[in-house]
Amino acid sequence: MNDLTFGLRQLRNNPGFTTVAVLTLALGIGVTTAIFSIVNAVLLRPLPYPDADRLVELKEVDLKDPALAELGVSGPNFKDWRTNSRSFANLGMHTWGDFWLAEGEELRQVRGLYGTADLFPTFGVLPMVGRGFQREDERAGGVVLLGYELWQRYFAGDTNVVGRTIV
């Protein structure tokens with residue numbers, strides 16, 4: 001108890017040192033908390049999908065030009081993987097793209113992705129309204145699944161948009 005009393009007396013007698021020590025501790029605790037929050041959100045917390053621990057990402061890498069890895073997997077290679085794979089329950093592929101949405105006379109650019117029929121079932125995701133992609137849609141093209149935000153913003157959440165032709 002004498003040591004604690006002595007320590008408090010020393011801190012009271014040296015206010016400059018006490019201020020620096022308290023600010024250093026506060027800054028250290030704050031930075032540690034911030035870093036843990038980021039690591040927890042990005043690395044430790046599981047993905048919000050069923051069986052998230054079973055999801056994997058496959059990429060092609062050209063050892064002669066590693067920059068090509070950013071391009072992902074070629075379509076023909078993906079089809080071969082999907083056809084010949086015995087290790088995966090599902091394989092889905094996507095690539096991001098920009099699209100133009102016509103509303104009357106007005107054109108709007110929207111960000112979206114091209115995806116295969118197995119992409120959403122791989123993540124255990126079902127559309128709120130309508131149906132998901134089917135294998136025939138991959139060959140035919142022209143089938144659109146609207147994201148929730150786009151559906152609300154440009155179609156006012158109208159469920160009658162299912163089956164309609166949009167440009």
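Modeller: The buried residues of helix 6 pack against strand 1 and strand 2. Helices (H or I, at least four residues) and strands (E, at least two) are DSSP runs, numbered from the N terminus. Contact means heavy atoms within 4.5 Å.

A word on the source. This is a predicted model, where local features need pLDDT of at least 70 and side-chain atom pairs count only at pLDDT 80 or more, while totals for chains, interfaces and linings use all residues. Residues are numbered from 1 along each chain as its sequence is written, and side-chain values use heavy atoms, with hydrogens and water left out.

Leu 150, Trp 151, Tyr 154 and Phe 155 of helix 6 are buried. Seen down the helix axis, these buried residues fall within an arc of 100°, so they line one face of helix 6. The arc is that of the directions from the helix axis to the C-beta atoms. Buried means under 20% relative accessible area, exposed over 50%, and partly exposed in between (1.4 Å probe, protein chains only). An α-helix has 3.6 residues a turn, so residues three or four places apart point the same way.

These side chains belong to something bigger. Leu 101, Val 110, Leu 150, Trp 151, Tyr 154, Phe 155 and Val 161 make up the largest nonpolar core, 7 residues in all. Helix 6 gives the most to this core, with 4 residues. Such a core is a set of buried Ala, Val, Leu, Ile, Met, Phe, Trp, Tyr and Cys residues joined through side-chain atoms within 4.5 Å. Take Val 161, one of the core residues. Beyond its neighbours within four places in sequence, Val 161 touches Leu 146, Trp 151 and Phe 155.

The face turned away from the buried side carries the exposed residues Tyr 148, Glu 149 and Arg 153. Just after the helix, Ala 156 takes a positive phi of about 55°.

Glu 149 and Arg 153 form a salt bridge, 2.9 Å from N to O. A salt bridge is a side-chain nitrogen of Lys or Arg within 4 Å of a carboxyl oxygen of Asp or Glu. Both residues lie in helix 6 (residues 148–155), 4 residues apart, about one turn of the helix.

Arg 111 and Asp 98 meet in a salt bridge at 3.2 Å, N to O. This pair links distant parts of the chain: Arg 111 is in strand 2, Asp 98 is in strand 1 (residues 94–103), and they are 13 residues apart. Arg 111 is exposed because its relative accessibility is 54%. Asp 98 is partly exposed, at 43%.

Arg 82 forms a salt bridge with Asp 118, with the closest N and O atoms 3.6 Å apart. This pair also joins distant parts of the chain, 36 residues apart: Arg 82 sits in helix 3 (residues 75–84), and Asp 118 in the loop between strand 2 (106–115) and helix 4 (119–123). Arg 82 counts as buried because its relative accessible area is 17%. Asp 118 is buried as well, at 13%. The model has 7 salt bridges by this rule.
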